Structure formats: C-alpha cells, structure tokens
Amino acid sequence: MSIIYVLLTVSVIIAIVFFVAFVYSVKNGQYDDTYTPSVRMLFDDETVKPKKSEKKKITSENKPTSN
Amino acid sequence: MENCFHCGEECRDTTIIHEEKHFCCMGCKTVYDILNENDLTYYYALQSTPGQTPKTFEHSFDFLDNQDIVEQLIEFNEQETQIVSLIIPKIHCSSCIWILENLDKLHPGVKVGMVNFPKKSVRITYDASQLSLKELVLLLSKIGYEPNISLEDFNKKEKKIDRSLIYKLGVAGFAFGNIMFLSFPEYFEVDEFWLDKFKIIFRWLMFAFSLPVVFYSGRDYFTSAYKGLRSGILNINVPIAIGILVLFLRSTLEIIMDWGTGFFDSLAGLVFFLLVGKFFQQKTYSFLSFERDYKSYFPIAVTQLVTNDTATTSEKQTQVYALKPGDRILIRNQELIPTDGILIDGNALIDYSFVTGEAEPVHKTKGDKIFAGGKQQAGIIEMEITKAVEQSYLTQLWNNEIFSKNKSTSFNTLTDQISRRFTIAILSIAVVASLVWVFIDSAIAFNVFTAVLIVACPCAIALAAPFTLGNMLRIFGKFKLYLKDTTTIEQMAQIDMVVFDKTGTLTKNTKDLITYQGITLSENEQKVLTSTLRTSNHPLSRALYNLLKDNDIYTLDDFSEEAGKGITGTHNTTTVKIGSHSFVENKKQLDKNVKDTQVHISTNNEYKGCYIFNNTYRDGMQQLFAQLDKTVDLMILSGDNDGEQAYLKTQLPASAQLKFNQKPKDKLEVIKSLQEKGHKVMMVGDGLNDAGALAQSDVGISVSEDVNVFSPACDGIIDASKLNQLAHYLSLSRKSIGIIKQAFIFSLCYNLIGLGFAVTGHLAPVVAAILMPLSSISIVVFTTIATHILSKQTNA
C-alpha cells in the first residue's frame with residue numbers, strides 16, 4: 001500500500017508546480033493588462049506586404065460611407 | 001456631406017480630396033500620407049476612421065531638449081537602449097494599438113512599442129543615438145498621438161504594483177482545493193482498514209496546507225482586528241479573526257489528540273471566500289486617477305529667459321521646480337502659467353476658469369500680478385516669477401490638512417456597525433452555551449464553545465457588502481460614473497445635501513450661446529465684420545467668426561488690433577470696430593450691472609449693438625434639480641460673479657442656496673461648515689478651484705467631458721453627459737444598501753442554523769464544510785441577482 005505515498009507525493013508536487021507557475025506569471029505582470037493581448041492577437045502578421053494595387057482595394061473597401 | 005477618411009469628422013468647408021479620399025483638414029491628410037508612404041494603411045483596415053487630428057503647438061515639447069528632464073522621464077537608459085512610458089489619452093481602438101506597436105516602420109530608431117490599452121499608455125524602447133525623446137514625441141504627435149507629459153511624471157519613482165492580494169488569494173485557493181481533496185475520504189467516514197491506516201498522514205498534510213492560509217493569507221484579518229481592538233472598535237475582522245484562530249487551534253488539537261479530522265477544509269474555504277470578496281470589490285479604472293493634484297495639470301518645464309554677461313537674452317528650458325523668484329519666463333499661447341508672478345511684457349489674456357471658476361478670460365497689462373494655473377490665450381507674454389511653484393497662491397491650497405487625510409478609513413461602514421452587535425451576541429452565546437454544557441456534560445463544553453465560534457464566523461456577512469458594492473461599482477461604471485472604491489457608494493447613500501459648482505459643472509466648457517442685441521447689421525457690414533473677425537486670434541473673435549463664417553469675406557483695406565480692447569477693420573468706406581464697450585463707444589456709459597460677456601459693434605463710429613456670450617447649461621439640469629430636491633438640499637457654490645443668479649433661480653427649487661465669488665479656500669470652508677451642521681455633503685465640481693471642496697466633502701464627484709483628461713482628486717468621476725442622472729444614481733446607492741441589509745438577514749439565518757448544530761454539540765466537520773461554502777455562495781448569488789435587477793430597472 002505504499003503506492004499511496006507515491007501518489008500523494010506526486011499529486012502534491014504537481015499541485016505545487018502549478019502554484020509556482022501561477023505566482024511566476026503574476027510576478028511577471030501577465031495579469032496587469034488583460035485587454036491589450038486579446039486585441040494584439042488578432043492582428044495579421046505582415047510578413048508579406050500587400051502590393052500597391054491590393055492595398056488600394058483594402059483601403060477603399062473601408063472607406064466610410066458618405067451621408 | 002463626406003466624412004473625413006482619417007478621423008471621421010464631417011468635412012465642412014475645407015474638404016481636401018486626395019487619392020480619392022476625403023479629408024477634413026491638412027493635418028488628417030498629412031497623417032494619411034505618412035502612413036501610406038510607410039505601408040501602414042492596415043491602420044485604416046482594422047477600424048474605419050480610427051484617426052486623430054494632430055494638433056501641433058510648435059514649441060510644446062521644447063522642454064525635451066533639456067537632458068536632465070529627459071533623464072527623469074525615461075525608465076531605462078543604457079547605451080543604445082532607452083525605454084520610456086508615455087501616457088497617450090487618445091488611445092481608443094485596436095488601430096491605435098496596432099499603429100503604436102508598429103512605430104518601428106516609421107522610424108528605424110524605434111525598437112519595440114508595447115501598448116497597455118486600459119492604462120492608455122505605450123512603453124517604447126528606442127535608440128537615443130538615432131532618435132531623441134523629443135523627436136519620438138514629435139513623431140507621435142505628428143500622427144495624432146500626442147503624449148501627455150505633466151509635472152506628475154517628473155521624478156516618478158518606479159511604481160510598485162501591489163500584488164499581495166492576488167498572491168494571498170492564490171495561496172488560499174490552492175490550499176482550499178488540496179485540503180478539500182485530502183479530507184474527502186473522511187467526509188464519508190468509511191471504516192476501511194486502509195483509510196484508517198493513512199488518515200494520520202492525510203491529516204498532517206492538511207495541517208501543513210493550512211499553515212500558509214492562516215499565517216499568510218489570513219494575516220490581514222489578524223492585524224486589522226488587533227488594530228480595531230486597540231482603538232476600541234469591534235470591526236468585522238474581530239469575529240473573523242476569532243473564527244480563523246479557533247478553527248485552526250481546535251483542528252490542530254483534534255488531530256494531535258486523534259479526536260477527529262478537524263475543520264481545515266472550512267478554514268481554508270473561509271479565508272478563500274473572504275479574499276475573493278476583497279478582490280472583487282477592488283475594481284480599478286486604470287485609465288483614471290482619483291488622486292491627482294495640480295501636478296498632473298502643470299507643465300513639466302517652461303521657457304526661461306536667461307540674460308548672460310553680454311546682455312544678450314537666450315531661451316532655455318527649465319524644469320518648473322527649479323524656478324526661483326526673480327526668474328523671467330516666457331509663456332506662449334495656450335500655455336499654462338506655472339507660478340505666481342508679474343507680467344513684464346506682452347498682452348495677457350488669461351483663462352482662469354479651471355482654477356477660479358470665473359467664466360471669462362481676464363485681461364492683464366504690464367506690471368499686473370498674474371497667478372498660477374491660468375492659461376494664456378493670446379500671443380506670447382513674458383513674466384517675472386515672484387514665488388516658487390510650491391508656494392504659489394494656487395498650490396498652497398494643497399497644504400490644507402484635508403488633503404493628507406484618508407477619508408475612507410474614518411468612515412464607519414454598515415458592516416462594521418452590524419459586526420459590533422454581532423460579535424457581542426456571539427461571544428455571549430458561546431459562553432452561555434458552554435456554561436450550560438459544563439453542568440450537563442463537561443467533556444463537550446469545550447467542543448460547544450469552539451463550535452459556536454466557528455459556525456458564527458460571519459463569512460456571509462463579511463461577503464454581503466463587498467459583493468453588493470463591488471457589483472454596484474461595476475454597474476455605475478457602465479453608467480459612466482466611475483467611483484474610487486466601494487465605501488463611496490455607502491457614503492453616497494447617506495448624502496442629504498448636494499453642492500454644485502457652476503462653471504464647467506452646470507455649464508458646458510464652451511460658450512456657444514451667442515445672441516445679438518441692437519440694430520440689425522446690413523449685409524455689407526456683416527461681411528466686413530466677418531472679415532475683421534477672421535484676422536483676430538482672440539478666443540471671442542474666433543467664437544464669433546464661427547457663428548458668422550457663412551458670410552462672404554472681403555480683403556480688408558486696413559486692420560488693427562488693440563490688445564485687450566478690440567479690433568478695427570476697414571473695407572472701402574466701412575469701418576467696423578469690435579470690442580469692449582469703451583473701445584467701441586465713449587458717449588454712453590455702460591450699465592455696470594451687466595456681467596455677461598459682451599462684444600460690442602460699431603460701424604463708422606455709429607453704435608450698433610452687441611453680441612452676448614452665454615454659457616450654455618447642460619441638458620436636463622432643471623429636471624435634475626427637481627428630482628434631487630425631493631430627497632436632498634441643494635446649493636450652488638460658484639467662483640464666478642453673480643451675473644447668472646437670476647437665471648439660476650428660475651432653474652432651482654426655492655429652497656436652494658446660492659453663493660457666488662467663492663475662492664477655492666472659501667468653498668472648502670463652506671463645505672466644512674455644512675458638515676458641522678450635520679449634513680452629509682456631496683460636492684460636484686470640475687476644476688482645480690473645487691479641489692479643496694471635493695476633498696472636504698463626504699463624496700466629491702468631479703464632472704468631466706472627457707474622462708481621460710485631467711480632473712482633480714475626488715471620490716468619483718462622472719461623465720458630463722450623465723450628470724442629469726445624478727439623482728438616479730443617488731437612489732441606486734440607497735437601494736444597494738437595502739440589498740446589503742437583506743443579505744445580512746439572509747446570512748443571519750444560516751448562522752442560526754449553524755448555531756443550532758453547534759449549541760447542541762453536533763457540529764461535525766462535514767456539516768461545517770457544507771454550511772460555510774453554501775452560505776457564502778448563496779449570498780454571492782443573491783447579491784449578484786439583486787444588483788442586476790436593480791441595474792435593469794435603471795435601464796428601463
């Protein structure tokens with residue numbers, strides 16, 4: 001039945017690992033700004049720059065409608 | 001009409017069509033060009049019309065030439081890497097984030113940009129050898145993101161963010177989960193051999209987990225209870241501290257003596273829920289600051305005039321703290337006067353509306369004293385300083401002791417009031433019950449005594465207020481009333497007197513109600529008038545020009561401006577004089593009682609009439625007064641003259657009091673005397689002149705047309721468009737106190753049930769483990785639902 005000691009140790013160690021990860025992430029300031037990363041994530045990577053003609057299209061599509 | 005492709009404003013008379021797009025002004029077009037050239041038009045794809053019209057005051061960042069100032073501003077400075085954090089109030093959408101994080105495409109000197117959207121700040125890493133801070137700031141200004149650098153930023157210490165509550169919460173939650181898990185077998189009291197064999201290690205593990213909960217997470221409750229007891233107050237933390245302590249000691253005793261498993265799970269759960277409540281009521285608006293003083297309104301540096309040995313005068317950027325009496329400084333148009341002094345040269349027209357409440361700009365001539373806080377409105381002036389910045393007439397207001405007092409600590413909250421009676425009641429029940437048991441079965445007496453203290457631990461009571469008020473704080477935030485903390489809501493509920501400032505609070509910041517009185521002007525006269533106005537830079541001329549700009553414009557034959565008096569313009573045979581009454585006409589004496597802002601007109605020396613400028617009152621003020629009058633007393637406390645007394649009287653209920661010509665210090669004293677009469681006073685103001693009154697009042701609310709710009713230290717900031725809802729918000733705060741009271745009754749029921757178990761000596765750990773979280777969670781659910789119903793009713 002000594003397996004239970006092993007199990008207990010493992011479970012406690014895993015718990016502590018997660019706890020340390022939590023403290024580390026808080027200390028790093030990961031929770032200081034919870035909004036900006038959610039927006040930043042959605043930006044397209046611009047490894048390829050759109051060509052002049054394509055770019056025109058993008059911008060004109062977003063032209064505000066006149067009123 | 002087209003809208004500007006860049007900023008979305010309506011293009012008026014000066015539409016610029018460029019690359020098939022419409023722009024409202026050259027500024028917007030320039031920004032578009034800059035972005036277009038650098039392949040950054042994705043900016044416009046992310047969000048339509050995200051742009052900001054750039055404002056450029058050529059010299060406004062000259063102070064960044066001063067290396068000492070730059071060093072104070074930057075966070076990190078090492079060879080080719082400099083880091084600076086800048087507050088940019090204009091950050092408002094995802095395009096803003098994108099462009100500010102892609103600044104490196106605009107200038108190779110920029111390495112990394114990192115936006116913190118809630119704080120509206122950007123942290124830029126750059127290389128000072130390629131790009132100085134001034135160039136960086138100008139680059140940002142050029143694309144419409146002008147950073148806000150004020151005196152407050154100077155010598156700013158690296159602010160330590162207090163994260164201890166999150167850590168404590170983390171520890172408690174971590175321990176709570178693990179202890180629950182470890183005590184699970186014993187909940188069912190399974191009589192199995194192997195459970196019996198291992199229960200010792202399970203129990204001691206639980207004990208180990210509970211140690212950080214008691215001594216780290218729960219530490220604040222002990223210190224607060226101790227402090228309270230020492231000053232003779234039985235605050236809510238006293239019964240909580242007793243509860244935690246008794247839980248811990250009895251559980252430890254139980255496992256040592258092998259009586260049972262103890263209440264470690266309830267202990268960890270209790271601390272965890274309490275901390276959750278504490279965490280929840282801390283709603284912070286990171287883009288707002290409730291602690292501002294004059295420092296965030298003042299510039300960091302001014303242009304000093306230095307005369308050297310050879311009698312040549314040169315300009316130098318000097319940090320304002322370094323200014324000494326006798327120094328000469330230069331104030332440009334739209335710049336702020338940092339300290340008291342004497343006008344040496346130039347033509348001063350100073351807008352004091354923010355510091356004194358006077359609606360009208362004041363004209364000063366050579367030799368006049370000028371006071372700190374005013375904004376110069378016309379041209380360059382030169383002044384000699386008579387007092388250092390900290391000793392100026394305005395900044396001395398902050399020496400008043402009221403600014404060093406912490407309001408919320410002296411306030412006796414509802415929870416604390418209840419907890420006094422509660423603690424006494426619990427202690428007496430515990431003593432009586434254990435005394436009774438001493439005679440029946442003395443072995444159980446100790447058990448009963450501790451069980452009563454455990455079960456009576458006012459977890460639910462302690463959670464009722466944080467959750468109700470925390471919810472309300474968020475609801476008020478949605479209604480654009482941003483409050484500093486939850487205590488403010490409790491204080492709002494007690495308000496019986498509301499005091500309003502006039503200028504900027506009841507009235508809009510702009511004078512846009514212009515009426516003409518006198519002989520109607522002919523078309524020709526109007527055209528000359530318009531053309532003359534166009535040439536002048538005086539704020540009143542500009543306002544009037546905006547009104548008349550539909551008229552055609554002549555090229556004037558002659559134009560002259562007499563500082564502080566008026567302007568003259570001539571076209572063919574028509575000469576128009578615009579300005580003060582004495583400038584335009586010297587025959588008739590002006591009625592001295594007129595206190596409105598007036599601009600008089602004469603053509604060819606014949607008096608025609610005058611334009612009267614009035615402050616427009618915000619919409620719905622009369623209804624607001626009527627609603628407020630039902631529950632509270634009203635007062636108007638204005639720094640302005642009594643020119644609008646008659647009008648205000650028609651708006652206000654008869655019982656309201658009006659006071660005019662109040663200096664900042666007077667306002668503070670008036671509030672104080674009202675409080676001495678027993679009133680709970682709410683002050684609603686906007687400017688620096690209200691700062692004292694806002695600090696003195698029980699609840700100081702600052703009105704702001706743009707919550708991102710400066711507002712003085714206060715307990716809450718209300719969006720100007722929502723000011724007419726104030727009566728509503730007051731009643732909301734009263735209703736939320738009602739919810740807390742209901743929650744108290746609710747949680748008392750749980751305590752009574754628990755007491756039933758405890759007094760009869762039947763409190764098993766599993767009962768405590770169920771009862772305690774159940775009561776806490778049901779209180780949270782109850783308050784959440786109740787506050788949401790309340791907010792729904794408000795919406796309807």
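Which residues does G579(B) touch, not counting residues up to four places away in sequence? In this predicted model, they are K565(B), G566(B), I567(B), V584(B), V599(B) and H600(B).

## Surroundings of G579(B)

G579(B) sits in strand 21 of chain B, which covers residues 574–579. The residue counts as buried because 23 C-beta neighbours lie inside 10 Å, and the cut-off for burial is 20 or more. Between the C-alpha atoms of G579(B) and I601(B) the separation is 6.8 Å, although 22 residues along the chain part the two.

## Confidence and chain A

The predictor assigns the complex an ipTM of 0.70 and a pTM of 0.77. For chain B the average pLDDT is 80, and 90% of the residues score at least 70. Among the elements of chain B, the lowest mean pLDDT, 58, belongs to helix 11 (residues 407–410). The highest, 90, belongs to strand 17 (residues 497–500).

Chain A has 67 residues, of which 1% count as buried. Three helices and zero strands are found in chain A, giving the order α-α-α from the N terminus on.

## Domains of chain B

Chain B is divided into five parts: domain 1 (1–53), domain 2 (60–149), domain 3 (300–334 + 340–386), domain 4 (474–508 + 618–730) and domain 5 (513–614). The C-alpha centres of domain 3 and domain 4 of chain B are 32 Å apart.

Six strands of chain B make an open, antiparallel sheet in the order 8-7-9-15-10-13. Strand 8 (313–319) and strand 13 (369–370) of chain B are at the edges; each has a single partner strand, so one side of each has no neighbour in the sheet. Strand 9 (residues 328–331) and strand 15 (residues 381–385) of chain B pair in the antiparallel sense over four bridges. I331(B) has I381(B), in strand 15 of chain B, as its bridge partner.

Both I331(B) and I381(B) are also touched by Q376(B), a residue of strand 14 (residues 375–376) of chain B. Other contacts of Q376(B), not counting residues up to four places away in sequence, include N333(B), Q334(B), E335(B), I337(B), A348(B) and I350(B). Q376(B) is buried, because 24 other C-beta atoms lie within 10 Å.

## Nonpolar cores

The largest nonpolar core has 194 residues. The members that touch the most other members are I244(B), L267(B), A268(B), V271(B), V452(B), A464(B) and V499(B). Helix 14 (residues 459–478) of chain B gives the most to this core, with 13 residues. A second, separate core has 14 residues, among them L529(B), I601(B), Y611(B) and F613(B).

Leaving aside neighbours within four places in sequence, I244(B) is in contact with V214(B), G218(B), Y221(B), L267(B), L270(B) and V271(B).

## Helix 12 of chain B

Helix 12 of chain B has 27 residues (414–440), which at 1.5 Å a residue should span 39 Å. The end C-alpha atoms of helix 12 are 39 Å apart, so the two values agree.

Which residues of helix 12 of chain B are buried? They are T415(B), S419(B), F422(B), I426(B), A430(B), A433(B), S434(B) and W437(B). An α-helix has 3.6 residues a turn, so residues three or four places apart point the same way. What covers the buried residues of helix 12 of chain B includes helix 9 (237–257), helix 13 (442–455), helix 14 and helix 23 (726–759) of chain B.

Technical notes
Residues are numbered from 1 along each chain as its sequence is written. Chains are lettered from A and ligands numbered from 1 in the order in which they are written. This is a predicted model: local features need pLDDT of at least 70, side-chain atom pairs count only at pLDDT 80 or more; totals for chains, interfaces and linings use all residues. Helices (H or I, at least four residues) and strands (E, at least two) are DSSP runs, numbered from the N terminus. A residue is buried if 20 or more other C-beta atoms lie within 10 Å of its own, exposed if 12 or fewer, and partly exposed in between; C-beta atoms are placed from the backbone. A nonpolar core is a set of buried Ala, Val, Leu, Ile, Met, Phe, Trp, Tyr and Cys residues joined through C-beta atoms within 7 Å. Two residues are in contact if their C-beta atoms, placed from the backbone, lie within 7 Å. Two strands pair if DSSP finds at least two bridges between them. Domain bounds come from an automatic or database domain assignment. pLDDT is the predictor's confidence in each residue, from 0 to 100. The expected span of a helix is 1.5 Å times one less than its number of residues.
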